[in-house]
Amino acid sequence: MNSPPSTIKRYKYLFQLVMNNFVVTVAAVLLGTILLLRAAQLGPAQILTWLHSVRHAHLFSATFLPIALGTLYLMRRSRSVYLVDYACFRHTSDCRIPLASFVEHAHHFPLIDDKSIRFMKRMLENSGIGEQSYLPAATLYIPPSNTLNDARGEAEQVVFSSIDDLLAKTRVSPEAIDIVVTNCTVFCPVPSLADMIVNKYKLRGDVRSIHISGMGCSAGMISVEAAKNLLQAAPPGAHALVVSTEIISSLHYYAGRNLSMLLPNVLFRMGGAAVLLSTSRSKSRFKLMHTVRTITAAQDRSYQCAFQQEDDMGEMGVNLSKDLVAVAGDTLQANITAIGSLVLPLSEQLHFVLSLIARKLLMNRKMKPYVPDFRMAFEHICIHAGGRAVIDAVQRSLRLSDEDVEPSRMTLHRFGNTSSSSVWYELGYIDAKCRMRKGDRVWMIGFGSGFKCNSVVWQCIQSRSNLDGPWADCIRRYPVELTKVAR
C-alpha cells in the first residue's frame, strides 16, 4: 500500500531537518547521553558535593576562556560586507529603438548587405527582446555615429545619472566614498571611467579607484568581489561605489558582414547600474554571503568563444562562436559545484553524492546524476540576461520553473542584454513586484568572456520596494507572454 502524499512530505521534511542540522543533532544527543549516564552513576548527593568543591579559579577559567576565544575569533574573522542600495540607469524615451527601426537603421551602414540585414532581423525576432529596448542616441543618427566623443557622452549619461539616483536614495555624500570600482568591457578611455567619477564628484584624494575591462558580462560580479576585498582591508564603516556598464557607442558596435560578429549588435543594449557597498549594517538592504568565480580560459575552446577581432575588411567587433552556449553550460556546472557546497542544505548534498556513487558502482553512464534543487537554497535567482538561449540553457541545467527565470526573461524583453548590469535590472524587477522579503536569499549568476561564470549570493536584511527605478513606468504590464522561437 502506498503512503499518502502528505505522509511522504512529512517524512521528507523530517529527513531534511535532521540532515541539515546533522552536527548539532549528533552533538546534542551525545552530550545529553553522557550527562545522563554520569548523573546516574553519581547520584544527587554526590553531584551537590562536587559542585560545592569546585574552586572559584576553575569557575573563572571556565567562564573567561570561552569569552576570550570568542573575542579572538571575532577579531580575526573577515568583516561582513553589505549592500546599502543600488540604482539602475533610467532610460529616456528618445533612445527607444523598436525592432523595425533597428532593422531600418542597419541599412545606413555601408558595409552591411541585405544578407546580413536578413540575418539580424531573424535573430531579433527570436531574441526575446521587446519593442522598447534602448540604444544611445549617436547610433540612431542617420548615418550612425560611433566616435570617441559619442562613447564618452554615453558613459557620462549612464554613469552619472545612475550615481546621482543612488546617492539620492542612500543620502550618502560623495565625501563618504572610500573606494570606487568600475567595469566596462570594450570602452576603456584615458583617463578611466573610475577617474571620470572621481573628477565629477570631487572625491577625496585618498580614494582607492579600480577600473576593470575585458571581463565581459560577468564583470559586475568581479567588481563586487574586488570591492568586498578592499572593504575588508579598509577602516570599519567604509563605503565602496561599484559601477557596471557597457558602452554601445564604441568599437562594440560592428559594421561589417561577419554573421557571428553581428550577434552583439542584435543582443546588446544601453544600460548601467551603480551599487553602494559598506561594512556597516546600518541602513543596508542586503548582506553579501558568498562570491564564487570560475574561469576556463586555459581551454582554447572557452578562450575563443567570445573574441574581439577584426574581420576580413578590417572592421572591429566581437565574434560569438557557436560553442558559446555549450561552453557556458560547462562553466556553469563547475561554478554550481563550487557554490553548492556553500549554500545547499546537507540533505541535497548527500542526495547528490549518493547519486554519483550509484552511477559509478552501477557503471551506468546513461543514468543521469541528481541535479540538486537550488530553490531550497534561494528564493530568487537572477540569471544574466545574455540572450534567450542562455536563459533556456540555465533553466534546463538547474531544472528551474518559468517563475524562477521570470526576472531574467522580462529584463531581456524590456531592456535587452545590458551586459554586466543586467542582474541589477533583474533585482529591480523583483523589488518592483514587491516580492523581496526579509531573510530571502538571492543568487546572481553572470557569464563573461574568457570564459567565466561568476556567482554572488545576497541575503535580504531589510525589505523595501524599489518603485522609483527603471521598472516604475511599466511594471504593471509585466510579466508578458513571449512568443516561441521560430524554427
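Me: Where is K283 found?
Reply: K283 is in the loop between β5 and β6. Helices (H or I, at least four residues) and strands (E, at least two) are DSSP runs here, numbered from the N terminus. Keep in mind that this is a predicted model: local features need pLDDT of at least 70, side-chain atom pairs count only at pLDDT 80 or more, and totals for chains, interfaces and linings use all residues. Residues are numbered from 1 along each chain as its sequence is written, and side-chain values use heavy atoms, with hydrogens and water left out.

Me: What's the phi of K283? And is K283 buried or exposed?
Reply: Phi is near 65° for K283, a positive value in a residue other than glycine. K283 is exposed, with a relative accessible area of 66%. The cut-offs: buried is under 20% relative accessible area, exposed is over 50%, and partly exposed is in between (1.4 Å probe, protein chains only).

Me: Which loop has C434, and what's its phi?
Reply: C434 lies in the loop between α16 (422-432) and β10. Its phi is positive, about 60°, although C434 is not a glycine. With a relative accessible area of 41%, C434 is partly exposed.

Me: Which peptide bonds are cis?
Reply: The one from V190 to P191 is cis, with omega near -5°, and P191 sits in the loop between β2 (179-183) and α8 (193-201). Another cis peptide bond joins G450 and F451, with omega about 15°. F451 is in the loop between β10 (441-448) and β11.

Me: OK, on to the sheet. What's the strand order?
Reply: Nine strands form an open sheet with mixed pairing, in the order β3-β2-β4-β5-β1-β6-β11-β10-β9. Two strands pair if DSSP finds at least two bridges between them.

Me: Which strands stand at the edges?
Reply: β3 (208-212) and β9 (380-383). Each has a single partner strand, so one side of each is left without a neighbour in the sheet. Neighbouring strands are turned by 20° against each other on average, direction ignored. Axes are lines fitted to C-alpha atoms, for helices over the stretch in contact, and angles run from 0 to 180 degrees between N-to-C directions.

Me: What packs on that sheet?
Reply: Helix α7 (residues 148-170) does, touching β1 (82-88), β4 (239-246) and β5 (271-278). Contact means heavy atoms within 4.5 Å. The direction of α7 makes about 130° with that of β1.

Me: How many residues of β1 are buried, and how does β1 pair?
Reply: Seven of its seven residues are buried. Six bridges join β1 to β5, running antiparallel, and L83 has L277 as its bridge partner in β5. β1 and β6 also run antiparallel, joined by two bridges.

Me: New topic: how do α5 and α6 cross?
Reply: The axes of α5 (residues 99-106) and α6 (residues 114-125) come within 10 Å and cross at roughly 165°.

Me: Last one: what do β7 and β8 form?
Reply: A hairpin, with five residues between the two strands. G314 in the turn has a positive phi of about 85°. Five bridges join β7 (residues 306-310) to β8 (residues 316-320), antiparallel, and Q309 stands opposite G317 in β8.
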